[in-house]
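This report describes the strand order of a sheet and the packing of helices around it. The sequence and structure are shown first.

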Amino acid sequence: MKLLVTGAAGMLGRGVMLAAGNAGHQVIGFGHAELDIADPAAVSAKVEGERPDVVINCAAWTDVDGAEESEQEATRINGEGAGNVASAAATVGASVVHLSSDYVFDGSKGAPYVETDQAAPLSAYGRSKLAGEEATRAANKRHFIVRSAWLFGTAGRNFVETMLRLAADHGEVLVVRDQVGSPTYTWHLAYGLVRLIEGVEFGIHHMAAAGSCSWYEFAREVFDQAKVECKVMSATTEMLGRPAARPAYSALMSQREHPIELPSWQDGLAAYLSQRRAESEAVA
């Protein structure tokens, strides 16, 4: 198949480009510098020029706290932009994959969220991602809406990298203990997405790492696996006073009959640290 990837220069987009190429697909990708998905004319021109079989939309506003002051801009990208991509794909008969988030939920369920659970975002970012789901669904019947969570990978800023940097600079970190989710390695997610598009099970899919943990537990595991000495202190969300509200429990699981299951978050972390070391050695 021929795939077109938006947000191809980002953390997930790069992984999707590699995974799709490794699976034998023809892949073309555009980063933000080459394509602003909030520009409908530009999106239509790229999609109509390439005429792909599938469009995978990895372009997104990802600044959760920044969206609180810039909700209109976040929605322009995550909501309207997603609709532009889905509509352009429909025009050429292509299916579309839209990446959404666990932050469309309010975290009050107390158990992993499944595809049929009611969305109720707490933050501007969550509302913008839900708007993208709705726009994608309305614009293209052949849609895959994939909710994932707490992404980390080697091609961008992420929690693991932040923890290792803080450990090196200060020897101690303060991490929230009352937010629980499913940290997901982008390379694992990318391969899951490529498997997904080879079928026709359209609709909402939850695709995140198996298992769940708090940010505090995640930090502890980062230092254990990386063999880094660092004092890990815990705090509550209220103590840190971040601008955007976060769901207290947003772990994801799928209730589909044949879900695409990803490795555990611990395995994802191990694979990430291995890839990180290999890339560092290659540069050296």
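Two strands are taken as paired if DSSP finds at least two bridges between them. The model is a predicted one.

The pair belongs to an open sheet of six strands, ordered S2-S1-S3-S4-S5-S10, with parallel pairing. Strand S2 (26-30) and strand S10 (203-206) form the edges, each pairing on one side only. On average, neighbouring strands of the sheet are turned by 20° against each other, direction ignored.

At its start, a side-chain oxygen of Asp 39 reaches to within 3.2 Å of the backbone nitrogen of Ala 41. Just after H2, Arg 51 takes a positive phi of about 50°.

| Helix pair | Axes | Angle |
|---|---|---|
| H1 (residues 11-22) and H7 | within 8 Å | roughly 50° |
| H4 (residues 71-91) and H5 (residues 124-139) | 8 Å apart | about 20° |

The axes of H1 and H7 cross at roughly 50°, which makes H1 oblique to H7. The crossing of these two helices is right-handed. On the H1 side, the contact includes Met 11, Leu 12, Gly 15 and Val 16; on the H7 side, the residues include Trp 187, Leu 189, Tyr 191 and Leu 193. The residues of the contact of H1 with H7 divide into 12 nonpolar, three polar and no charged.

H4 and H5 pack at an angle of about 20° and are therefore roughly parallel to each other, angles under 35 degrees being counted as such. Their crossing is right-handed. Among the contact residues of H4 are Glu 71, Ala 74, Asn 78, Gly 79 and Ala 82, and among those of H5 are Tyr 125, Arg 127, Ser 128, Lys 129 and Gly 132. The residues of the contact of H4 with H5 comprise nine nonpolar, eight polar and three charged.

Methods: Residues numbered from 1 in each chain as written. Predicted model: local features only at pLDDT ≥ 70, side-chain atom pairs only at ≥ 80, totals over all residues. Heavy atoms only, no water. Helix = DSSP H or I, 4+ residues; strand = E, 2+ residues; numbered from the N terminus. Axes fitted to C-alpha atoms, helices over the stretch in contact; angles between N-to-C directions. Parallel < 35°, antiparallel > 145°, perpendicular 65-115°, else oblique. Left-handed = near helix turned anticlockwise from the far one by under 90°. Contact = heavy atoms within 4.5 Å. Nonpolar A, V, L, I, M, F, W, Y, C, P; charged D, E, K, R; others polar. Polar contact = N/O pair within 3.5 Å; in protein donor to acceptor, adjacent residues only side chain to side chain.
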